[in-house]
Amino acid sequence: MAKEYKITSLRLQDLEKELNYLKTTREREIAAMIAEARSYGDLSENSEYDAAKNEQAKLYGRIAEIEDILSHAVIIEDENEATGRVGLGCVVVVEDVKTGKQSTYRITGSQEANPMEGKLSDDSPFGRAAVGKSIGDTFMVNAPAGSYEMKVINVTREG
């Protein structure tokens with residue numbers, strides 16, 4: 001069975017736009033680079049030609065990757081109900097039970113995760129521990145750096 005990619009509808013739109021750009025504009029740019037490099041003569045010692053062909057290979061690799069993601073995408077907003085439970089696509093405010101420090105995270109699929117932006121995957125140690133919890137629940141996060149206890153302060157769904 002193929003891997004499913006859990007993504008939001010916004011991420012789906014971004015990937016579709018990127019795919020369109022790569023298949024149209026970027027592909028033409030690289031074709032022009034290859035044509036120009038060919039005009040320099042001997043291809044066996046033509047570094048511009050090699051660089052252009054490498055760019056083309058990267059382009060086709062990225063196109064294949066995006067097409068795979070899109071063909072196996074599962075839109076995650078549909079999983080969220082107005083139940084106040086942590087789930088994919090939700091924004092959760094948590095408090096470290098030990099320090100009292102509050103943090104806000106968005107629970108995403110692995111394709112959208114970016115800890116620097118506060119987007120944590122449901123497959124991360126935090127995500128696995130938090131999903132399904134409600135306001136007031138506490139949970140243990142077993143992270144590589146050690147375990148810590150968190151409390152759910154608020155759960156919202158932002159579109």
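Trainee: Which residues does Phe-139 touch, not counting residues up to four places away in sequence?

Mentor: This is a predicted model, so read each contact as part of a prediction. Phe-139 touches Val-94, Phe-126, Ala-129, Ala-130, Lys-133, Tyr-148, Glu-149, Met-150 and Val-152, with residues up to four places away in sequence left out.

Trainee: Is Phe-139 buried or exposed?

Mentor: Buried means under 20% relative accessible area. Phe-139 has 4% relative accessibility, so Phe-139 counts as buried.

Trainee: Which residues touch the most other members of the largest nonpolar core?

Mentor: The general idea comes before the case. In soluble globular proteins, nonpolar side chains tend to be buried together. Here the largest nonpolar core has 16 residues, and Val-86, Val-92, Phe-126 and Phe-139 touch the most other members. At least two residues of this core come from each of strand 3 (90–96), helix 3 (125–130), strand 6 (138–143) and strand 7 (146–157). Another core, of 15 residues, lies apart from it; Leu-15, Ala-52, Leu-59 and Ile-69 are among its members.

Trainee: How many aromatic pairs does the structure hold?

Mentor: An angle between planes over 60 degrees counts as edge-to-face, and one under 30 as stacked, with tilted for the rest. The structure holds 2 aromatic pairs. One of them joins Tyr-105 and Phe-126, with 5.0 Å centre to centre and 55 degrees between the planes, and is tilted. This pair links distant parts of the chain, as Tyr-105 is in strand 4 (residues 102–108) and Phe-126 is in helix 3, 21 residues apart. Phe-126 and Phe-139 also form a pair, which is edge-to-face at 5.6 Å centre to centre and 70 degrees between the planes. Here too distant parts of the chain are linked: Phe-126 lies in helix 3 and Phe-139 in strand 6, 13 residues apart.

Trainee: Are Tyr-105 and Phe-126 buried or partly exposed?

Mentor: Tyr-105 counts as partly exposed because its relative accessibility is 22%. Phe-126 has a relative accessible area of 5%, so Phe-126 is buried.

Trainee: In what order do the strands form the open sheet?

Mentor: Strands of a sheet pair through backbone hydrogen bonds, either parallel or antiparallel. In this model 5 strands form an open sheet in the order 5-4-3-7-6, and the pairing is mixed. Strand 5 (119–121) and strand 6 are the edge strands, each pairing on one side only. From one strand to the next, the twist averages 45 degrees.

Trainee: In what sense do strand 3 and strand 4 pair?

Mentor: Strand 3 and strand 4 pair in the antiparallel sense over 5 bridges. Two positions show how to read this. Val-92 stands opposite Tyr-105 in strand 4, and Val-93 has Thr-104 in strand 4 as its bridge partner. The hairpin of strand 3 and strand 4 has 5 residues between the strands, and Gly-100 there takes a positive phi near 80 degrees.

Trainee: Over how many bridges do strand 3 and strand 7 pair?

Mentor: Strand 3 and strand 7 pair over 7 bridges, in the antiparallel sense. Glu-95 stands opposite Lys-151 in strand 7. Strand 3 is mostly covered, with 6 of its 7 residues buried.

Trainee: What does Ser-103 touch?

Mentor: Ser-103 lies in strand 4. Leaving out residues up to four places away in sequence, Ser-103 touches Val-92, Val-93 and Val-94. Its relative accessible area is 14%, so Ser-103 is buried.

Trainee: Where is Glu-27 found?

Mentor: Glu-27 is found in helix 1 (residues 9–38). Its relative accessible area of 27% is why Glu-27 is partly exposed. Glu-27 touches Leu-22, Leu-59 and Tyr-60, not counting residues up to four places away in sequence. The C-alpha atoms of Glu-27 and Glu-55 are separated by 9.7 Å, while the two residues are 28 residues apart along the chain.

Trainee: Where in the chain is confidence lowest, and where highest?

Mentor: Where pLDDT is low, the predicted coordinates should not be read in detail. The mean pLDDT of this chain is 86, and 93% of its residues reach 70 or more. Confidence is lowest in strand 1 (residues 5–7), at a mean of 78, and highest in helix 2 (residues 47–71), at 92.

Key:
Residues are numbered from 1 along each chain as its sequence is written. Side-chain values use heavy atoms; hydrogens and water are left out. A nonpolar core is a set of buried Ala, Val, Leu, Ile, Met, Phe, Trp, Tyr and Cys residues joined through side-chain atoms within 4.5 Å. Buried means under 20% relative accessible area, exposed over 50%, partly exposed in between (1.4 Å probe, protein chains only). Helices (H or I, at least four residues) and strands (E, at least two) are DSSP runs, numbered from the N terminus. Contact means heavy atoms within 4.5 Å. Rings of Phe, Tyr and Trp (its six-membered ring) pair if their centres lie within 6.5 Å; planes under 30 degrees apart count as stacked, over 60 as edge-to-face and the rest as tilted. Two strands pair if DSSP finds at least two bridges between them. Axes are lines fitted to C-alpha atoms, for helices over the stretch in contact, and angles run from 0 to 180 degrees between N-to-C directions. pLDDT is the predictor's confidence in each residue, from 0 to 100.
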